[in-house]
Amino acid sequence: MKKTHIVGLLVIAVAIFIIISTTGDASSYKNFTEAKEMAEGGNNSAIHVVGTLKKVNDQVVGIQESPDKLSFYFTMVDQNNVEQKVFRPDPMPTDFLRSEQVVVIGSYREETFVADKILLKCPSKYKEEEVKI
Amino acid sequence: MVHYFIGNLGHFLVITSFITSIIAAYTYFLATNKKDELEKAKWNRTAKVIFYIHGLAVIGIVFSLYWIINNNYFEYHYAQSHSSKILPWYYQISCFWEGQEGSFLLWIFWNVILGVVLINTNKFWTAPVMTVFALVQAFLTSMILGVVFFNFKLGSSPFILLRDVIDAPIFKMNPEFVPKDGNGLNPLLQNYWMVIHPPTLFLGFATTLVPFAYCIAGLFIGKFKEWIRPALPWAQFSALVLGVGILMGAYWAYETLNFGGYWNWDPVENAVYVPWLVLVAAIHTMIAFKKSDTALKSAIILVISTFVLILYSTFLTRSGILGDSSVHSFTDLGLSGQLLIYLLVFVALSIWLIVSRWSKIPTNKQEVSTYSREFWILLGAITLCIMAFHVIYVTSYPVYNKVADLLGFSLNLAPPVDQVSSYSDKQIWFAIVVAVLSGTGQFFWWKKMDKKEFKNALIGPLLISLAISFIIIFATDFFTAAPDEEGFDRAFRFLRYFLLLICSVYSIIANTKIIIPLFKSNAMLTGGSFTHIGVGMMLVGILFSSGYSKIVSENYTGLVWSTEFPEEVNRNNLLLFMNDPRQMGEYSLNYRGMRKLFKDKGYVNESLVSNTNDPLKYVALTDIPSQKIKSGDTLYVIGPENTYFEIEYQEGDDKNFTLYPRVQLNETMDMIVYSPDIKRTLGSDLYTHIRTFPDPKDEGEWSELKEITAVMNSQFFVNDYVAVFEGVERLEEIAGTKLEGNDVAVKAKVRVQGETGDYIAEPIYIIKDQMAGKIPFTIKDLGIKITIESINPKENSFVFGLKTTQKEWVILEAVEMPYINILWFGTFLLCIGFTIAIRRRYLEFQKMRDKGVE
């Protein structure tokens, strides 16, 4: 066997290893029902859920902020209209209540979904149609 | 009035530049294929004229667009959506690249400059190289063409009028309507780095075309080896500029974004990092091509891959395919089809050329020796390519989803949750290999080696680096990293860190050993060693500043709110109430309130000034002797969207400093952006940023109204602060409108003594059209709101309404980044090394060219 062949085989092996190990790191988009089933099945890996904050008469409801403001609970509605209480161990982002869409990344802990990360989509960043007169 | 001329001129120039680029490509192609020297020269001259016209047209487009932005022609969509009246000129330049069209324009502009340089520095290579150049220009200018062919919109023009984009009723009533102001520049981009980072990065993008064009030209005309000499200095220049561009972006992120670091493995960062790695690999193989055919073939493939990867990253970031997974969100302009065609055309062209020419590229069957420099260089190039493959593989998840959707099944891949473990923890292994190779390869480079000599050369640097590494380990808190990990994971992490440290130090030492004798003999050859020392230092800097970044703002109160998740409760952030010091590590922190930054005056308490109708002007409410401000002075604000939080740090009795982390509030975009402030010392950076503060749009909860009657110069209490009713003033106008007839307005002046100084409240009472109105005055620092409830002219007394609320507060995070300066210093060395190497290789090319060989 020539040296170039050994190097070639080694490269292929490393590439395959990269593909296998990083694909294992990949997360996935789920809804709360699926996430719940996963957690009950003993799978605690973090997943992405897309949804909005629960609103009644255009008012966000279900927010509970800790007295030291360092963590909070909120109620989220996923794309299938399933409601879920979410815990976020981090200060509430300033424009959180105004967000149009929320992506939580995390997993179930008992009945509560714990969000390790939150991505917010705020309305006007994407809305250019308004003209100020 | 709508200014039609400038837009029409711009659009006309875009079309001109598009057409001339096609003609230039064709004429240069003809020149390439002419055998007869005279005729070749004739066609070259014609093509040159056409390319110069193209260049002038492009400069005209840039000028027209800047004219529109600079003159606030908000009837144009580009100016309206990216600029506003209050922007200073340097941010108006940034407006250019906030939008897709402008950033394409920047790229086109750089290509023109590079094209002109190439035309004037080449003899033999001009025609085939410029054919590729002009062809790329045709694709790029088509992106901003904005012309509709048979229902297919080709490109998106920056000269489109607002009324043609937005279907607002106002344009039906009055087509000549011009908005008063624009939406302004995204606050994230209002940073001096954003003025220079995009041009640098795009120059980097543009320069990758030069080696690519030489390579394609070489393949096309059958000069399979000769293209490398002129291409090499350009490839090095490109790697330098692209590298500097990437690091500027990292530095911008460090200073402006608040994720607490300089690198976040964001798809857009990755999309530039990957081509850079491949380009660096390409440079190494280009250096080794003379003795190794494997290196020659690799050089061809890697140079082409670099350019194709730049196109791929352009496609990723601009087609909207990344969606929510990136902070760099260009709005999707519907160019994805066009971008894909651009990418595929060049992929197809390159593959066709490589396949058809492959058998003609010279080969020899000799095995590469382990003790040859080519072997080590190829290993290095392979490692860099694997590094690149890993990152691009993970970054492309959204692309796999899209492809799966098209094929009719759902893949549903989301980006990895933990970026650090999926990128950094794997990349570090490759970095270790790179460090070892960059140190060892240099020995083979300068000397022929056999086994014994190799051992002798190696042993010295190896021992020295081991000794230095152990000193570093004992001198720093080496085993304090990642306190959350346990057992095997933690041990494995230290193994990685340990190896990276030793190998990086080894690379620095080995290259230093090489560089010392070189300096004496021929300093022009030191480029490679300098660059490698720089890389070694960068790796050490990254290891410490990222691996050992420490959150200082740990919550020491021990209070646990949520009993459900005791271990989860946040401990990384600190809540500070105003004027209420808290201990954080060795520091005592005190939040002193919100500040505005004024010209010549510095940071001034926001509660002591009042805004006017002009967003750039404020008026002082009281005397501030320390800053030489008198009551009633007009102050000019720097960055009207910026508010700063004054945080005092006290360490012992003498080491005190103040940091001003910032928030930018952009009303029109409804964006809230926090930026850190950094205390820099030689050893480490202390990085402080605000996580959140009371929403300025939220009124907050106020106490019940309390009324108090006061006569002039009497004292009363508000929220336990002593207040004095100092005077009354009759107003002639309210918010710019003159009062007429029987309308009256009065303003009371109330001085309130706060903890740190006096504040002035100026509530207003109006009688307009026989109706009474109240304009309250809020002193945020003290949490009080004062209104005039009524006036008793008989007793000459005023009834004040008093409300109180919670004190102002902020939640902040403070992070310490040790030895980050080693990273910046390494970057500096890397740049010097590249510059030396570029000079050397360019002189080589010049010599050969002037001999008439090339």
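What is the mean pLDDT of chain B, and what share of its residues reach 70 or more? Chain B has a mean pLDDT of 87, with 95% of its residues at 70 or more. Keep in mind throughout these legends that the model is predicted.

**Figure 1. Confidence across the two chains of the predicted complex.** Within chain B, strand β22 (residues 737–738) has the lowest confidence, with a mean of 74, while helix α10 (residues 209–221) of chain B has the highest, at 96. Chain A averages a pLDDT of 81, and 89% of its residues score at least 70. One stretch of chain A to view with care is residues 124–133, where the pLDDT is below 50. Beyond near neighbours in sequence, that stretch has 13 contacts in the model.

**Figure 2. Helices α1 and α2 of chain B.** Here we look at α1(B), residues 4–33, beside α2(B), residues 37–70. Their axes come within 8 Å and cross at roughly 160 degrees. An angle over 145 degrees counts as roughly antiparallel, so α1(B) is roughly antiparallel to α2(B). The crossing in which α1(B) passes α2(B) is left-handed.

**Figure 3. Helices α10 and α11 of chain B.** This view pairs α10(B) with α11(B), the latter covering residues 228–256. The two axes come within 8 Å and cross at roughly 155 degrees, which means that α10(B) is roughly antiparallel to α11(B). Their crossing is left-handed. Which residues of α10(B) and α11(B) meet? From α10(B) come Val210(B), Pro211(B), Tyr214(B) and Cys215(B); these meet Pro230(B), Ala231(B), Trp234(B), Ala235(B) and Ser238(B) of α11(B). By class, the residues of this contact are 8 nonpolar and 1 polar, with no charged ones. As noted for Figure 1, α10(B) is also where confidence in chain B is highest.

**Figure 4. Helices α12 and α15 of chain B.** Next up are α12(B), residues 267–288, and α15(B), residues 373–395. These helices pack at an angle of about 165 degrees, with their axes 9 Å apart. They are therefore roughly antiparallel to each other. α12(B) passes α15(B) in a left-handed crossing. The contact between them has 18 nonpolar, 5 polar and 2 charged residues.

**Figure 5. Domains 1 and 4 of chain B.** To finish, we step back to the domain layout of chain B, which is divided into domain 1 (1–190), domain 2 (216–415), domain 3 (428–548 + 819–854), domain 4 (574–695 + 811–815) and domain 5 (706–805). The centres of domain 1 and domain 4 of chain B, taken over C-alpha atoms, are separated by 41 Å. How many residues does each of these domains of chain B bring to the contact? Domain 1 of chain B supplies 7 residues and domain 4 of chain B supplies 11. On the side of domain 1 of chain B that touches domain 4 of chain B, the residues divide into 3 nonpolar and 4 polar, with no charged.

Notes: Residues numbered from 1 in each chain as written. Chains lettered and ligands numbered in written order. Predicted model: local features only at pLDDT ≥ 70, side-chain atom pairs only at ≥ 80, totals over all residues. Axes fitted to C-alpha atoms, helices over the stretch in contact; angles between N-to-C directions. Helix = DSSP H or I, 4+ residues; strand = E, 2+ residues; numbered from the N terminus. Parallel < 35°, antiparallel > 145°, perpendicular 65-115°, else oblique. Left-handed = near helix turned anticlockwise from the far one by under 90°. Domains from an automatic or database assignment. Contact = placed C-beta atoms within 7 Å. Nonpolar A, V, L, I, M, F, W, Y, C, P; charged D, E, K, R; others polar. pLDDT = per-residue confidence, 0-100.
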